[in-house]
Amino acid sequence: MEIPPQEAPPGPGADGEAEEGPAEAPSPGPASPPADGRLKAAAKRVTFPSDEDIVSGAVEPKDPWRHAQNVTVDEIIGAYKQACQKLNCRQIPKLLRQLQEFTDLGHRIDCLDLKGEKLDYKTCEALEEVFKRLQFKVVDLEQTNLDEDGASALFDMIEYYESATHLNISFNKHIGTRGWQAAAHMMRKTSCLQYLDARNTPLLDHSAPFVARALRIRSSLAVLHLESSSLSGRPLMLLATALKMNMTLRELYLADNKLNGLQDSAQLGNLLKFNCSLQILDLRNNHVLDSGLAYICEGLKEQRKGLTTLVLWNNQLTHTGMAFLGMTLPHTHSLETLNLGHNPIGNEGVRNLKNGLIGNRSVLRLGLASTKLTCEGAVAVAEFIAESPRLLRLDLRENEIKTGGLMALSLALKVNHSLLRLDLDREPKKEAVKSFIETQKALLAEIQNGCKRNFVLAREREEKEQRLQLSASMPEITVTEPQPDDEPREEPVAEAQENGAPGSNPRPDSDSDSDSEGEDGDEADGERAEAPCPALVPPTDSLGPGDRSPPGCPSSPAEQRISVSSPGWGHKVFVVTRVESPPERAEPPVPPAPPATSAPPGPASPPASTSPPPSPFLTPTEAASTPDPGPPESQPPLEPPQVGPPLPNGLKPEFALALSPEPPPGPEAKVGSCGLEHELSCSKNEKELEELLLEASQESGQETL
């Protein structure tokens, strides 16, 4: 039955009078809504409190070291006992004994040893009174039966108070996912934690992502022990993927994890391809096999720097895997320690490995203990020893090496001077011939004596290198000491050249002159540059052309050769000679007569004299470089010009010797002089004149030597 509209029930909160309400005009009021159902703009208001009222208060972050200032041992013990009473837990006597022995509380204490103590959640909470007051280098929590709650509490404390740099949580099999999550947070946040030992602490699939994320994002860990942690499969994949981007981890120990030769070894090979900061990789007691070694060798080829130690102890490797490793070793440049012990390599495997070891230039320590070697394998090893100039240690224990192998090793040590330790079984092996046992003992003694000899030689080489390093600076000191004595001598020479003194020596000059001299007399300057210092070669200085005086003049200390040291050339001594070609200075050749008749040098001449050396030093070179001046009887008049000054155009006085300044009245000498003048007048080509000047400068260079 339908209800008519006029009889419809009123809405909630309405009565009969309300129905007539819309017909009447509503009274205006702030509480009455408008007829169209919309709010008025003036009625909507939003207010905010003032800035002073928004922040009601502020709390400073707690200082984690507020309890560690001026603390004493009694205060620490009292706070720990009070916390144990409050939490109703037992006190740890081992901890109390250690606290009483601590003396220097201002620095990190060496070790906090809680190994073997059972730590539940309340016991761990009481330890906070110690961690908030003391810091340690090593915190040993090995085999403490930690559960998830206790491990989480301890790791949070160590992270907050930065309690340890080395942490040992090994043999705690029940820390669970929350414990590993807190440990990962500790690894990521604690900048002082460098060493983490988690041996025999399972890292399962649901816990590995936390640790992998911590190692990938940020971690200060340099050493990570995860032996026997059930890493095979997904945990190792996550760990290896994270470590590809890790640049701080240096040592990774993954022994006893049942790593296989397929997926696990492939992940390790990829890790070695991309990570060049890892230095030690320990894979002992796994199942890498030959197939897995092939993956690892692919990663080793990419290791230009980084991995220095690879341990493959007891991984069921055979001669097939040694073939892969032998091809890889010549490409490795950083690998120094290779341990292949307890693998059935055999003699064939050592032969496959020999050529790779010989081609390698980095391996210093090689482990071949218990690898089923006999005398044949020992001979192959001896060939490597004889060829290696850097091998330091070799381990051949637990092998059947008898007289033949020992003889080969002994002979190899006679030519090897680097091997310092060769480990062999002390007891000789049984042989059919009893006399061979005594031979084995003698050979073992020879091998040990050879190692001792190499050790003595290595120590002597080290001491010699230290002495050479100490004396490396002595030549430099010898060179720099006489320089202050030489510098005052250069000043009067420069002043004499500026003043145009007739007796000035153009030989010493600036470094720019030595550069220009290199174009004209490279050979002469190269020979002069070999002299380290004038003070080191006094006999050659006395023979230089700059300090030779005429035979009749007495020698004085001022009349010495002045050598200009160029500071930009490693303190080498250069005897600089200025030789300028006439075309550059636009001066005609000087007649031969004026230099021959010039006055001897006066007292104003500088100490360095440019007079040529006596005739015994000049005769061989002059005969080959100057024209023939005439018969032998015309040569004696050439000795007086030796004491003359240099020519005005910068030529050497020796060059004037060839011009015969005072020709005798004889017809033969006149013919020789005219021939020489004709030769000079006809040499209008500049190249010929430069060749004459070059010969003169070379002669002066030979005289200095």
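Predicted model: local features only at pLDDT ≥ 70, side-chain atom pairs only at ≥ 80, totals over all residues.
Although Ser228 is not a glycine, its phi is positive, at about 50°. Ser228 counts as partly exposed, because its relative accessibility is 26%, and the partly exposed class begins where the buried class, under 20%, ends.

Asn88 is another residue, other than glycine, with a positive phi, here near 60°. Is Asn88 buried or exposed? Asn88 has a relative accessible area of 67% and is therefore exposed, since the exposed class covers values over 50%.

## The chain as a whole

The chain contains 27 helices and 14 strands. Of its 705 residues, 43% are buried. The accessible surface of the chain comes to about 38400 Å², and carbon and sulfur atoms contribute 54% of it.

The contacts of the chain can also be viewed by separation in sequence. Among contacts with a separation of 6 or more, 84% are between residues 24 or more positions apart.

## Salt bridges between elements

Side chains of opposite charge can pair when their charged atoms come close. The count of salt bridges in this model comes to 18. One of them joins Lys94 and Asp113, whose closest N and O atoms are 3.6 Å apart. Lys94 belongs to helix H3 and Asp113 to strand S1 (residues 109–113), so this pair ties together parts that are 19 residues apart in sequence. Asp113 has a relative accessible area of 24% and is therefore partly exposed.

A further salt bridge is formed by the side chains of Arg178 and Asp149, with an N to O distance of 2.5 Å. Because Arg178 lies in helix H7 (residues 176–189) and Asp149 in helix H6 (residues 148–161), the pair ties together parts that are 29 residues apart in sequence. Both partners are partly exposed: Arg178 has a relative accessibility of 41%, and Asp149 has a relative accessible area of 36%.

Salt bridges with shared partners join Lys115, Glu142, Asp197 and Arg199 into one network.

Two members of this network, Glu142 and Arg199, are in contact with Phe171. Phe171 is placed in the loop between strand S3 (166–168) and H7. When neighbours within four places in sequence are left aside, the contacts of Phe171 are Glu142, Gln143, Arg199, Asn200 and Thr201. Phe171 and Ala198 are 27 residues apart along the chain, yet their C-alpha atoms are separated by 7.3 Å. Phe171 itself is partly exposed, because its relative accessible area is 32%.

Which residues gather in a patch of negative charge on the surface? The patch consists of Glu460, Glu462, Glu463 and Glu465. Glu462 lies in helix H16, which covers residues 435–470. With a relative accessibility of 46%, Glu462 counts as partly exposed.

Glu438 also has its place in helix H16. Its relative accessible area is 52%, and Glu438 is therefore exposed, the limit for this class being over 50%. Glu438 and Pro428 are 10 residues apart in sequence, and the distance between their C-alpha atoms is 8.4 Å.

Key
Residues numbered from 1 in each chain as written. Heavy atoms only, no water. Helix = DSSP H or I, 4+ residues; strand = E, 2+ residues; numbered from the N terminus. Buried < 20%, exposed > 50% of the residue type's maximum accessible area, 1.4 Å probe, protein only. Contact = heavy atoms within 4.5 Å. Areas by Shrake-Rupley, 256 points an atom, 1.4 Å probe, with all protein chains shown as cover. Patch = residues over 30% accessible without salt bridge, like charges linked within 9 Å, V, L, I, M, F, W, Y side chains within 5 Å. Salt bridge = Lys/Arg side-chain N within 4 Å of Asp/Glu carboxyl O. Lys, Arg positive; Asp, Glu negative; His and termini not counted. Charge placed at Lys NZ, Arg CZ, Asp CG, Glu CD.
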